[in-house]
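Student: Hi! Could you walk me through this one?
Tutor: Happy to. Have a look first, then ask away.
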Amino acid sequence: MPEPRTFRDHPVSFVRRSGRMSDGQERAWAALSPLYVHDVPRGLAATSVHPDARFDPVAVYGREAPLVVEIGSGQGHAIVHAASTRPDADFLAVEVFRAGLARTMLDADRAGARNLRLIEANAPEVLETLLPEGAADELWIFFSDPWHKNRHTKRRMVRPGFGATAGRALRDGGVLRLATDWEDYARQMRQVLDDAPELERAFDGDWAPRFDGRVMTAFERKGVERGRDIRDLAYRRVARG
Ligand SMILES: C[S@@+](CC[C@H](N)C(=O)[O-])C[C@H]1O[C@@H](n2cnc3c(N)ncnc32)[C@H](O)[C@@H]1O
């Protein structure tokens with residue numbers, strides 16, 4: 001009998017910050033999580049997703065509509081803005097940072113957005129098993145942690161193999177959008193995604209134009225203040241054979 005596994009076989013792209021939330025965030029969690037948080041059965045770790053768990057968009061949102069998934073949604077600025085301005089679509093925020101999820105719910109509630117759900121989990125597992133294959137019309141990854149020290153780059157979310165992970169979750173013709181202020185990571189993203197047979201570039205030239213639906217966040221502002229170029233990328237899911 002093989003020993004049961006007690007750890008993931010690859011480092012995750014986050015270090016879990018303290019679980020402590022402010023009193024306001026605790027209150028937001030208690031009041032709003034029944035509306036917004038989609039609980040998932042766990043596997044080995046607190047932020048894992050049990051491999052047998054499934055997310056059924058029609059059951060969750062109560063309708064059939066385009067689904068936009070944001071990975072690492074942080075405080076939720078981009079996805080709350082999108083959900084409140086696009087009532088025709090459904091939105092899913094995937095994040096491991098609890099206080100960020102609490103803030104996202106507060107802002108979503110204030111904006112009256114009911115077409116948004118939040119999942120507290122390691123995003124690649126959501127894309128690889130939780131979502132039905134081809135469920136997402138768009139996948140967004142904005143300012144993914146750059147893990148810029150050499151000994152840490154293996155933690156980057158967009159690493160070799162990520163094209164298949166994203167490609168599984170996207171419908172044919174669906175779009176993966178990324179932005180980063182870290183040049184070296186931008187180049188790695190472009191190389192990894194150019195190499196993925198599931199995806200094709202959805203831009204001309206070296207980089208994609210800034211995506212209209214992306215609102216300015218603290219991460220982008222900091223990058224600009226430090227004189228960094230902001231790089232956008234966009235890839236389309238090629239039709240399954
Ligand atoms: C640099 S922040 C950017 C947040 C937001 N996208 C923005 O632009 O303001 C990256 C976020 O990704 C989240 N994150 C990193 N790895 C993740 C993973 N594997 N699953 C879910 N969230 C993750 C982190 O917790 C963090 O909040």
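This is a predicted model: local features need pLDDT of at least 70, side-chain atom pairs count only at pLDDT 80 or more; totals for chains, interfaces and linings use all residues.
Student: Good. Is K149 buried or exposed?
Tutor: K149 is exposed, because 8 other C-beta atoms lie within 10 Å. K149 sits in the loop between β4 (136-142) and α6 (162-169).
Student: And where is A218?
Tutor: A218 is in helix α8, residues 218-225. A218 is exposed too, with 11 other C-beta atoms within 10 Å.
Student: Which residues does UniProt list for "binding site"?
Tutor: The unreviewed UniProt entry lists K149, D181, T217, A218, F219 and E220. They span 72 residues in sequence and their farthest two C-alpha atoms are 23.2 Å apart, so they do not all gather at one spot.
Student: OK, on to the ligand. Which residues come nearest?
Tutor: Of the 20 residues around the ligand, the nearest are F14, G72, G74, A123 and T217.
Student: What does the shell look like by class?
Tutor: The shell around the ligand has 10 nonpolar, eight polar and two charged residues.
Student: New topic: helix packing. At what angle do α1 and α4 pack?
Tutor: Helix α1 (residues 23-36) packs against helix α4 (residues 98-110) at about 65°, and their axes are 9 Å apart. That makes α1 roughly perpendicular to α4.
Student: Left-handed or right-handed crossing?
Tutor: Left-handed, as α1 passes α4.

How values were computed
Residues are numbered from 1 along each chain as its sequence is written. A residue is near a molecule or strand if its C-beta atom, placed from the backbone, lies within 6 Å of it. Ala, Val, Leu, Ile, Met, Phe, Trp, Tyr, Cys and Pro count as nonpolar, Asp, Glu, Lys and Arg as charged, and the others, Gly among them, as polar. UniProt positions are given in the numbering used here, feature names are shortened, and annotations may be inferred rather than shown by experiment. Helices (H or I, at least four residues) and strands (E, at least two) are DSSP runs, numbered from the N terminus. A residue is buried if 20 or more other C-beta atoms lie within 10 Å of its own, exposed if 12 or fewer, and partly exposed in between; C-beta atoms are placed from the backbone. Axes are lines fitted to C-alpha atoms, for helices over the stretch in contact, and angles run from 0 to 180 degrees between N-to-C directions. Angles under 35 degrees count as roughly parallel, over 145 as roughly antiparallel, 65 to 115 as roughly perpendicular and the rest as oblique. A crossing is left-handed if the near helix is turned anticlockwise from the far one by less than a right angle, and right-handed if clockwise.
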